[in-house]
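Got your viewer open and a selection tool at hand? Let's walk through this one stop by stop.

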Amino acid sequence: MTVGAHTEMPAPSSLRLVLTLAIAGLISGIAIIGIYESTLPTITANKARELREAVFKVLPGVSQMQQLVYRDGELVATEERRKDEQAVYGGYDQQGDFVGYAIPAAGPGFQDTIGLLYGYTPKDKLVVGMEVLESRETPGLGDKIYKDADFVGSFSALSIEPEIVAVKKGSKARPNEIDAITGATISSKAVVRIINETHSEWSERLPRSGSEPPLGETEPAGAGELP
Amino acid sequence: MKKRDNRNYDELIKGIWRDNPVFVQVLGMCPMLAVTNSAINAIAMGMATFFVLVGSSFLVSSFRNWIPKQVRISCFIIIIATFVTVADYTLLALVPKVHKELGAFIPLIVANCMILGRQEAFSSRHPVRLAVLDAIGMAGGFLLALFSLGAIREILGDGALFGVNLFGANFEPWVIMILPPGGFLTLGLILLFFNWFKEKKDEFLADVAAAERSGS
């Protein structure tokens with residue numbers, strides 16, 4: 001009886017077919033909306049926390065942050081950001097004094113887009129930290145750009161003007177040079193290129209050192225999406 | 001009564017070894033090869049698939065007499081896709097790190113032919129109890145297969161299991177094992193073993209049968 005029960009039925013009307021699919025779609029839609037609504041707060045909170053952690057990681061000594069949107073030629077501290085606007089994150093220390101910018105950057109890597117965040121202190125024009133947020137680099141080789149502690153650590157006091165240069169491992173001599181990873185030359189050069197390109201784009205826009213926007217009263221932004 | 005118990009047990013157990021969806025039926029190869037570069041990814045993928053398969057089998061079997069056969073595949077896909085979306089958002093909310101690693105392969109569970117295959121071949125023709133048992137067995141077999149491949153590849157390719165280093169600093173990892181070719185190699189060798197095992201077993205059974213015949 002149970003085996004192949006539906007094959008014994010006479011051909012159902014088209015109305016019944018349409019109704020079946022409509023009801024299935026409706027129930028499915030409701031279920032999806034339910035799960036979306038119930039997980040959204042957690043997902044947003046996770047993203048915000050991840051971003052805060054990343055900002056604090058690339059800017060040592062920072063304990064507060066706010067989103068700075070580039071609008072009409074200047075940086076505005078605001079949580080709202082339109083789709084076509086770019087933003088950086090300002091990092092401030094315990095007293096609320098400005099420390100540096102955490103700048104999101106993205107560009108082609110060896111396999112797919114590498115998205116990263118780097119910390120930049122305008123006072124001494126140094127890159128003080130780098131954190132890869134997303135990448136599909138080859139496991140075991142290209143993924144050393146975020147697994148190799150030496151490589152990540154070498155973005156700790158790196159001079160970025162004129163620009164960062166990736167050199168063969170062990171031959172770092174100048175403050176703007178960085179050791180590329182053996183076996184991941186393309187990926188490590190890609191990281192350096194992404195930072196250089198993003199920096200030349202932003203260096204024009206950032207205000208003079210010392211006149212950065214002060215820490216606002218509003219709660220630090222966090223949910224802003226990264227490129 | 002005894003016979004029914006056997007049936008239940010059989011439907012549950014067949015997916016794990018005799019009809020293992022990966023090693024015997026060779027289904028669901030896409031996630032099998034793509035996300036087994038570490039044991040934890042393999043387990044997360046296996047759990048997500050487990051949830052989707054058991055949930056869909058339960059629903060498909062419950063509604064099997066209401067779904068007209070002309071639109072059954074569409075209905076199965078709607079049910080499966082709903083469960084996949086639920087799994088997708090749940091993983092994103094609870095374990096964002098794992099979700100990031102698995103990436104596009106979570107939504108692609110919809111296209112896992114093992115799941116649709118079980119709905120069409122089993123759940124839509126059997127009562128709920130058997131359908132759920134079958135789904136648990138099949139999903140368990142899939143999870144087991146993913147885990148064994150993921151563990152082998154992580155141990156050889158990374159010298160670690162669940163991120164815990166096993167061999168110390170002197171071990172030179174076989175990077176190729178966590179790259180796509182390693183997946184094909186490992187899977188090929190496991191399939192080879194399964195077929196060899198099956199052949200040996202058939203030979204053994206034939207020998208036993210022959211011995212019994214000549215004995216009696």
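Which strands of chain A does helix 4 lie across? Select residues 185-203 of chain A: this helix 4 lies across strand 3, strand 4, strand 5 and strand 6, and runs at about 120 degrees to strand 4. Angles here go from 0 to 180 degrees between N-to-C directions, with axes fitted to C-alpha atoms, for helices over the stretch in contact.

Before moving on, a word on what you're looking at. This is a predicted model, where local features need pLDDT of at least 70 and side-chain atom pairs count only at pLDDT 80 or more, while totals for chains, interfaces and linings use all residues. Residues are numbered from 1 along each chain as its sequence is written, and chains are lettered from A and ligands numbered from 1 in the order in which they are written.

Now color chain A by secondary structure. You'll find four helices and nine strands; helices are DSSP runs (H or I) of at least four residues, strands (E) of at least two, numbered from the N terminus. From the N terminus on, the order is α-β-β-β-β-β-β-α-α-β-β-β-α.

Next, pick out the sheet. Seven strands form an open, antiparallel sheet in the order 2-1-3-4-5-6-7; two strands pair if DSSP finds at least two bridges between them. Strand 2 (74-77) and strand 7 (158-159) of chain A are the edges, each pairing on one side only. Zoom in on strand 1 (residues 64-71) and strand 3 (residues 87-92) of chain A, which pair over six bridges in the antiparallel sense. There, A:Gln64 stands opposite A:Tyr92.

Show both chains now. Here 26 residues of chain A are in contact with 28 of chain B, contact being C-beta atoms, placed from the backbone, within 7 Å. The chain A side divides into 13 nonpolar, twelve polar and one charged. Nonpolar covers Ala, Val, Leu, Ile, Met, Phe, Trp, Tyr, Cys and Pro; charged covers Asp, Glu, Lys and Arg; the others, Gly among them, are polar.

Last stop: helix 3 (residues 39-62) and helix 6 (residues 113-121) of chain B. Their axes come within 10 Å and cross at roughly 25 degrees, which makes them roughly parallel (under 35 degrees; over 145 is roughly antiparallel, 65 to 115 roughly perpendicular and the rest oblique). Select B:Val52, B:Leu53, B:Ser56, B:Ser57 and B:Val60 in helix 3: they meet B:Ile115, B:Arg118 and B:Gln119 in helix 6.

Key:
Contact = placed C-beta atoms within 7 Å.
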